[in-house]
Amino acid sequence: MRYALFKVMLLSLVRDRGALAMGFILPGVVFVIFAVIFSGAAGGDLTVKLAVADERGTALSQRFLDNLSKEAGIMVLQTTNMTAAGVRSFVKGGSADVGLVILNNGTAFNDIGRTRVPPILVVTDPSREISVSVLQGALQQVYFATFPGAVLKGTAKILDQRFMRFDARQVIALERGLEAMNTPTADSEPVELNFDKFYERIDLVGASTVPTSIAYYAGAVAMLFLLFSAANGAMTLLEEKESGVFDRLATGPGGTGVILDGKFAFLVLQGFCQVLVIYLVAWIGFGVNLPGHLPMWAVTTLAAAFAAAGIALLFVSLCRTKHQAQVLGNILILVISALGGSMVPRFLMPPFVQDLGWLTPNTWALEAYASIFWRGEGLSEMIVPLLALVGTGAAGLVLARFTIRRFA
Amino acid sequence: MSSARWSADKLPNHDWRDESELPAPDVDDAAMLRIRGVSYSYPERDVLHDVTLSAHPGEIVVLLGPNGAGKSTLVKTITGQVRPSGGTVTINGKEPGSDVLARRSVGFVPQRIAIFDKLTVRENLCVFGEVMGVARADTVQRADRILRLIGLGKRANDRIPVLSGGMQRLVNIGAAMMHGPRLLVLDEPTVGVDNRSRGRLRDVMRQLRDHGLAILLTTHDMEEAEALADRISIIVRGEIMADGAPNQIVRAVFGTKQEVRIVLNVAAQTRHEHETFCSMLEQLGLRPSEEHSVWDGIVDNQTGHFSALAKHVFRPNEGVVEVRIRRPGLRTLLDWFTEPSP
């Protein structure tokens, strides 16, 4: 019986060119567009979540971090005894957008021109390049605010050596002034105001060498179209209600439950194939390592399709007409997708919007895909997102079984 | 026959009704479909009230009623989609609301053409067969047999949109036959079908009846009811008003009375002629339209009024456009049950 309904859905899809184009060609095209647009950094105001480890632990380094935490656009994650390894873990796990380690390597912290070894290590996720730029600007500002004497001293030395000679009285006055600014003294070597030497940057490498933004948008676009195609498929319920087919099927021994089961199975398979097409494009065109992660990808995609099918059937069973379902469905899907990170990377969103994202299947699916393609994690680390997706789908199907009864 | 069932409060207040002659529903143990005292209510109104009805193998029962009479709700209680709030519905002794086998005994043909238009004729039949529990391996063979029966054997591989409306209706019926039901329930099966296709559909229904199926047909098409019904049940405002062979009910309700309709050309009559004529028609018991140009009603032939009428209408008279006298049919019967009393 379920197979019969499944077959109807399959034949209906195969014979509907519009649905085929919408389901299997458009997603790939849109993915390519998104990938090209967003693989570079995006601009705008945002709050960067910063994981910090202070290996030095001096009053000076603490003052620097205090000033950094006061910077607009920087949110220092409050953790105790964070280590460099912890910072890397936070960045790789997505809990922090970027990491900063104040190294205990003997380098003068307040004299960027004096040594070739930077006192600070910046840990980055290449897919969040924009957060590095934000941090870079904040570091300059905080450095100059924290160590104003260091800059002034360097400037004075350049003036003394290249443009004019200070006399003894002027040198003494300058040194007294610098001491008064409570800045540490430096030796007489000339300084360079090249801020690049203040920190070293290290890019974390994911499970794939492909830019993580590409893998991210493959998942993001996949979820968007999963929801759209599942909603379109589920709307056949309303078409069948209007044509009388639903009443007829409902008189069968299996009742309305069989109708939903058949459609659910089809929507899951259709969704799986649709996401497969997107990832094949991502693999062939952009080098996303799909073959290397095929089993985990398949499990995640099935779970994501499961969630989309359940949500779509529940939503449609709550609608009265196809027109209503189309209009409300488009709005709902766009909102869910925007909140869930299918349109804009979640790290660019304000924290409360990021929290709202956990209510959407998009966020859970993106989390699961990130586990696979960025962090290279196994099934045990993906249990939570997978359970969230499967649970959403199952809950949707069960609730739809109740709400569909009002169709009779 | 239970004359108590036909109490006066159920019927319009026509003074010439002979309610003791009305046949009562026959619900015996041999009936395939047995509906006893079924009631159903929506929060705001009663839809069915104490409905009793039956259908036997090899019989076409027509459920006749105006729109909103409760026909569709009654059908839903038969197909198990709605559970009655009172009374019982059984099909071959089992309740369709709770028994899968009972639901499998019913073939339901909805009013609309409820088939998948992207599938072929054969694929449609196979799908509905499977949904009703037919083994997948048997569906094609069954479908081809049914397609031959309904005369669509050569159109098995055609998609639905290329078929005529009448053929689509036949597929609609064929889809309900796939699982070998013992009771076929058809909800307005010939709506929007041309006369030729209508004839073909009726032939198919008679064939199915002759194969031993019990058939329950809902309609408000009197011609169809008269052409097909072995028995009719008239349902009005959720109550069965009459049940029996069409002639039997008509005879019980109208006796020897005749249905008379006279159309006048008022402009061709003098005022005096018109008033005299209208006075006579009033005495005959006919009721006028608003313009007093059309008069109709049920007239007792035994009163001698007809001969008086004949004197006026059968002489050269440009004031009379049409005279129709006939035995009341199902339309008159239904109007009698549904229209307000004079």
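## Strands and helices in a predicted model

B:Val62 stands opposite B:Leu217, a residue of strand β7 of chain B. The structure is a predicted model. The two residues belong to a pairing in which strand β3 of chain B (residues 59-64) and strand β7 of chain B (residues 214-219) run parallel, joined by 6 bridges. Strands of a sheet pair through backbone hydrogen bonds, in either a parallel or an antiparallel manner.

Both strands form part of an open sheet of 6 strands in chain B, ordered β5-β6-β7-β3-β8-β9, and the pairing in this sheet is mixed. At its edges lie β5 (106-109) and β9 (239-244) of chain B, each of which pairs on one side only. Direction ignored, neighbouring strands of the sheet are turned against each other by 15 degrees on average.

| Helix | Strands concerned | Angle |
|---|---|---|
| α1(B), residues 71-79 | lies across β3, β5, β6, β7 and β8 of chain B | about 150 degrees to β6(B) |
| α11(B), residues 330-338 | packs on the sheet, touching β3, β8 and β9 of chain B | about 30 degrees with β8(B) |

Helix α13 of chain A (residues 322-340) has 19 residues, so at 1.5 Å a residue it should span 27 Å; its end C-alpha atoms are 25 Å apart, which agrees. The buried residues of α13(A) are A:Ala325, A:Gly329, A:Ile333, A:Ile336, A:Ser337, A:Leu339 and A:Gly340. An α-helix has 3.6 residues a turn, so residues three or four places apart point the same way. Just after α13(A), A:Gly341 adopts a positive phi of about 100 degrees.

Conventions: Residues numbered from 1 in each chain as written. Chains lettered and ligands numbered in written order. Predicted model: local features only at pLDDT ≥ 70, side-chain atom pairs only at ≥ 80, totals over all residues. Helix = DSSP H or I, 4+ residues; strand = E, 2+ residues; numbered from the N terminus. Expected span 1.5 Å × (residues − 1). Buried ≥ 20, exposed ≤ 12 C-beta atoms within 10 Å, placed from the backbone. Pairing = 2+ DSSP bridges. Axes fitted to C-alpha atoms, helices over the stretch in contact; angles between N-to-C directions. Contact = placed C-beta atoms within 7 Å.
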